[in-house]
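Keep the sequence and the 3D view open as you go.

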Amino acid sequence: MKKDKDTGKKSKTKATSEKTKDTISDKAAAFPYYNRELSWLDFNRRVLMAGDRSGTPVLERGRFLSITGSNLDEFFMVRVAGVWENYHEKTLFKDGADGLTAKELYPLLAKKIHEFTVEQYAHLNDDILPALAKAGFLFVTPDELDDAGQKFVDDYFAKIMYPVLTPLAIDRSRPFPFLANRSLNIAVRLQPKGVAKKPAKKNKKDDGEIAVVQVPAVLPRFIEVPVSDNQKDDRPRLFILSEDIIKRGLPLLFEGHDIVGAQVFRITRDSDLDLDEDSAENLLVEIEEYIRRRKRGRPIRLEFSRDIDKGPLYGDKKIRAFLAQTLETDELGIYELDGPLDLTFLGKFAGIKGGEHLCFTPIVPLSPPADFAGEPDIFAAIRKSDRLVFHPYESFNIVLNFIATAAEDENVLAIKQTLYRVSGNSPIVASLIRAAELGKQVTVLVELKARFDEENNIIWAKKLEKAGCHVVYGLAGLKIHCKIALVVRREDDGIRRYVHMATGNYNDATARIYTDMGLFTCREPFGVDASSLFNVLTGFSVPLRYNKIIPAPHNLREFFVAAIEREIENAQRGLAASITIKVNSLVDAPLIKLFYRASQVGVKVKLIVRGICCLIPGLEESANIEVKSIIGQFLEHSRIFRFENGGEPKIYLGSADLMPRNLDRRVELLFPVDDERLKQRVEHVLDILLRDNVNSFVMQGVADYARVNKRNVAAVNAQQPNAF
């Protein structure tokens with residue numbers, strides 16, 4: 001396709017509309033809508049491309065590759081699993097407004113995923129591993145080690161691995177074992193020693209005996225092979241994967257047998273089982289049972305390492321056929337990969353001691369945040385004016401300090417807070433427990449249905465309850481996804497409510513790598529709204545109206561519809577009209593239709609959508625819509641909404657993406673930034689994000705993202721502290 005010489009963007013041609021037709025069913029709704037699953041795969045590919053960016057250190061390139069692997073695992077467990085089930089049950093299920101049925105979509109997904117895995121391993125084998133070797137970090141197999149290295153490997157196997165491993169034979173009395181989701185395994189084909197192989201009977205295969213060895217997750221995935229002190233300066237550091245050590249030690253595990261073949265494999269299970277909330281008498285008990293059932297979901301992906309023709313320890317076609325048949329995996333769900341399975345180990349390797357120079361320079365958060373500089377009393381600071389914080393560029397400690405100070409303050413009477421995802425050793429939870437122990441009224445809404453964090457949240461919920469906190473285990477039919485904390489304090493002039501609202505979770509670990517914004521205020525309208533919201537979540541209250549906040553599922557969709565329609569009306573009246581939105585995902589079909597309408601009457605719509613985007617720019621319907629995705633060192637997580645409002649801009653922050661689940665099936669929260677000083681700060685952040693040309697990809701059509709052209713333009717990196 002022809003490119004514009006000045007911008008690097010593809011010129012609009014007939015090819016764009018033809019490409020659109022290829023990915024939208026004839027049964028689709030009468031407006032352009034890109035399938036959300038295919039769009040998600042585009043996002044994961046952008047993560048891979050971000051790791052390939054010029055100047056990205058090699059361990060960070062490995063980290064990006066690791067993220068794509070982790071992302072893909074979850075995508076299979078949740079999204080592909082649903083499509084897979086409908087595909088095999090031959091239902092008339094439609095995935096969304098694109099009109100694609102599962103029968104049409106599943107092959108498209110499988111094709112795109114297979115192509116993507118080829119790209120993943122090309123990055124690994126052609127870029128990352130050679131660059132690591134050049135930097136002095138070399139992954140090897142046992143055969144590539146000298147005698148001293150092989151002795152170390154053999155000793156490690158005998159002393160550390162052998163006592164942990166459990167070989168599992170498969171025969172008529174010992175059925176195929178249950179294998180944990182995403183576990184790494186080695187299937188072994190054996191023949192008894194000293195027994196002459198009998199010729200196979202006609203129409204009967206003699207493939208030998210089969211056993212399975214699970215690679216223990218409790219042991220490190222990679223081991224460094226030590227070198228002698230006099231060799232350290234002139235030899236690279238050598239690393240070996242645990243599965244390669246186990247393959248070398250297989251003869252010790254299966255004494256009396258010859259190893260005919262060995263195959264490393266991995267399965268991914270359906271983890272999106274239905275949770276029957278309506279009939280559940282106890283939501284906590286139901287979720288615990290749901291977690292147990294999820295661990296035994298049916299296999300939907302079978303991965304092999306492609307090591308055929310490298311000897312008996314490096315791949316076996318007969319084992320592959322046996323596993324595919326036993327696990328009932330269809331051809332589209334089998335993936336032969338050109339290297340080690342489960343690339344998430346590269347994320348841990350990125351933190352290897354001595355490799356710091358091969359990583360991004362760490363950003364030290366500003367502490368205290370700019371809005372709290374010179375303000376030792378956090379409550380006094382909030383009384384003076386609203387305060388805005390921007391993580392990770394500003395320290396999340398200010399949020400931890402807010403809750404910790406409230407816990408110890410004798411004038412604080414109550415703390416109420418929502419928790420969706422928290423860290424494994426959460427200071428927030430510790431402070432809430434401390435507050436309860438000191439006799440304060442502590443109410444915590446713990447969302448037990450936060451996917452893949454359910455077990456962690458159950459543990460915290462029980463500890464909070466044991467400490468005397470009032471714990472609400474989410475709501476039947478809804479996820480509590482809003483981020484809000486309310487502190488009720490007795491002061492000289494009466495009771496005052498301090499509120500913190502945010503775009504991100506109360507998680508001190510992710511706050512170091514996610515970009516999020518939070519607002520502190522003690523203005524009465526916000527305090528009243530916060531109390532009303534918690535009363536709704538913990539009791540039967542249904543407020544007629546809120547003063548400032550806009551919650552889902554009751555008001556948020558209506559708010560967005562009204563805000564966009566107002567911009568449409570303003571454009572038709574000749575008033576200033578524009579929309580700028582930053583979210584993680586844009587999926588909701590009715591809102592996408594409204595964006596198209598706004599574009600057609602001249603409203604300038606600028607969308608920063610990190611992940612899924614079902615809206616299609618570059619078409620006649622979307623002539624005034626720009627879409628970009630920012631993927632860099634930090635995960636862009638903040639949700640920001642700006643409406644021009646006829647020249648009097650309104651700015652909101654919130655927890656919700658523009659997806660049906662956020663608008664209709666979750667408790668979400670949108671809140672305005674009213675303070676003019678803080679509004680200007682958010683405007684500045686949006687401006688930098690829009691001008692970013694280092695981490696940005698511009699969407700130019702269906703499945704068509706291009707890096708921003710930086711020719712003759714100064715670099716603008718929105719993920720540097722000095723940018724703000």
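The exercises below concern a predicted model.

**Exercise 1.** Find the salt-bridge partner of Lys112 and say which elements the pair ties together.

*Solution.* Start with the atoms. Lys112 pairs with Asp42, and their closest N and O atoms are 2.6 Å apart. That is within the 4 Å cut-off, so the contact counts as a salt bridge. Next, place the residues. Lys112 sits in helix 4 (residues 102-134) and Asp42 in helix 2 (residues 36-51), so the bridge ties together parts 70 residues apart in sequence.

**Exercise 2.** Classify Lys112 and Asp42 as buried, partly exposed or exposed.

*Solution.* Take Asp42 to begin with. Its relative accessibility is 6%. Buried means under 20%, so Asp42 is buried. Lys112 has 22% relative accessibility and counts as partly exposed.

**Exercise 3.** Locate the salt bridge between Asp127 and Arg61 and describe its setting.

*Solution.* The N to O distance is 3.1 Å. Asp127 belongs to helix 4 and Arg61 to helix 3 (residues 58-89); the two are 66 residues apart. Arg61 is buried, at 16% relative accessible area.

**Exercise 4.** Where do Asp342 and Arg266 lie, and are they buried or exposed?

*Solution.* Check the contact: the closest N and O atoms of this salt bridge are 3.7 Å apart. Asp342 lies in the loop between strand 9 (334-337) and helix 9 (345-349), while Arg266 lies in strand 7 (residues 257-269). The pair spans 76 residues. Both Asp342 and Arg266 are buried.

**Exercise 5.** How many salt bridges does the whole structure hold, and which residues join Arg383 in a network?

*Solution.* The search finds 45. Arg383 is networked with Asp409, Arg489, Glu491, Asp493 and Arg496.

Methods. Residues are numbered from 1 along each chain as its sequence is written. This is a predicted model: local features need pLDDT of at least 70, side-chain atom pairs count only at pLDDT 80 or more; totals for chains, interfaces and linings use all residues. Side-chain values use heavy atoms; hydrogens and water are left out. A salt bridge is a side-chain nitrogen of Lys or Arg within 4 Å of a carboxyl oxygen of Asp or Glu. Helices (H or I, at least four residues) and strands (E, at least two) are DSSP runs, numbered from the N terminus. Buried means under 20% relative accessible area, exposed over 50%, partly exposed in between (1.4 Å probe, protein chains only).
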